[in-house]
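User: I am new to reading structures. Please help me see how the labels follow from the values.

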Amino acid sequence: ATTESRKEENHQRPWPERPLYELAVQRSRFNPPCHYELKPIAGTRIHGSPSEFEQRINEMCSGKDLKEGYAPFCKHVFVPNFVGALCPVVKISPKVEPLIKTGYKARTPKELPVLSRWIPIEKYEAKPSKMLDVILYSREQIIEERKAMGIEGEIPDAPWGIISIKAQDEDFETPMQPITMLRNALGKEEGGSGVPLEREKYLESVKYWEARVPLA
């Protein structure tokens with residue numbers, strides 16, 4: 001199938017009765033850790049169970065709330081921050097510059113560590129965000145990524161899966177970090193999505209993230 005036909009097929013998918021949590025890829029940031037999260041990493045921390053969160057998302061959203069993502073297999077829904085999650089991104093200023101750390105990090109043991117920068121979460125008093133960006137991947141994409149990384153296990157029969165949750169003030173998609181774009185371009189075997197790098201979008205990401213740093 002062509003890219004356009006796959007995009008149209010994904011657009012017509014019904015909203016699932018029970019969204020799929022993509023447990024093995026370990027991208028959702030629930031804290032305290034559930035069995036699918038090995039350790040805290042950069043990203044949004046959410047207190048509570050996946051089942052409680054997915055129930056609320058189903059109550060708040062429907063298929064008409066799906067927004068296009070960076071590829072046909074990716075969608076977003078934007079909802080008010082009903083869990084009190086703290087915003088994990090800080091604008092860089094002379095005050096926070098001394099707090100910034102650098103090092104090599106991987107989101108899961110299956111991924112290549114990449115050079116990252118962050119502020120230790122205990123060093124900065126974050127505030128709750130206004131919104132949550134709930135990021136979904138199609139079931140087919142989740143299966144392909146798991147297969148490429150040698151991850152076994154059953155996948156529930158739901159058309160969309162929650163693979164990440166971002167606390168943010170904006171009610172639209174913000175640029176993913178440049179290193180995430182590069183990881184995606186490396187392919188599924190290295191933990192990426194396999195989407196080629198687009199120079200224009202990469203430069204937009206650089207412009208956004210050179211003035212910001214995540215908490216971790």
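Predicted model: local features only at pLDDT ≥ 70, side-chain atom pairs only at ≥ 80, totals over all residues.

Analyst: Residues are numbered from 1 along each chain as its sequence is written, and side-chain values use heavy atoms, with hydrogens and water left out.

User: Why is Tyr70 called buried?

Analyst: Buried means under 20% relative accessible area, exposed over 50%, and partly exposed in between (1.4 Å probe, protein chains only). Tyr70 has 18%, so Tyr70 is buried. Tyr137 has 5%, so Tyr137 counts as buried too.

User: How many aromatic pairs does a search of the whole structure find?

Analyst: The search finds five. Rings of Phe, Tyr and Trp (its six-membered ring) pair if their centres lie within 6.5 Å. Planes under 30 degrees apart count as stacked, over 60 as edge-to-face and the rest as tilted.

User: What makes the pair of Tyr70 and Phe73 edge-to-face or stacked?

Analyst: Their centres are 5.7 Å apart and their planes stand at 85 degrees, so this pair is edge-to-face.

User: What is the angle between the planes of Tyr70 and Tyr137?

Analyst: The angle is 50 degrees, at 6.5 Å centre to centre, and this pair is tilted. Tyr70, Phe73 and Tyr137 form one aromatic cluster.

User: Which ring does the charged end of Arg56 sit over?

Analyst: The ring is that of Phe82, with the charge 4.5 Å from its centre. The rule asks for NZ of Lys or CZ of Arg within 6 Å of the ring centre and within 35 degrees of the ring normal. Arg212 lies over the face of Tyr208, at 3.8 Å from the ring centre.
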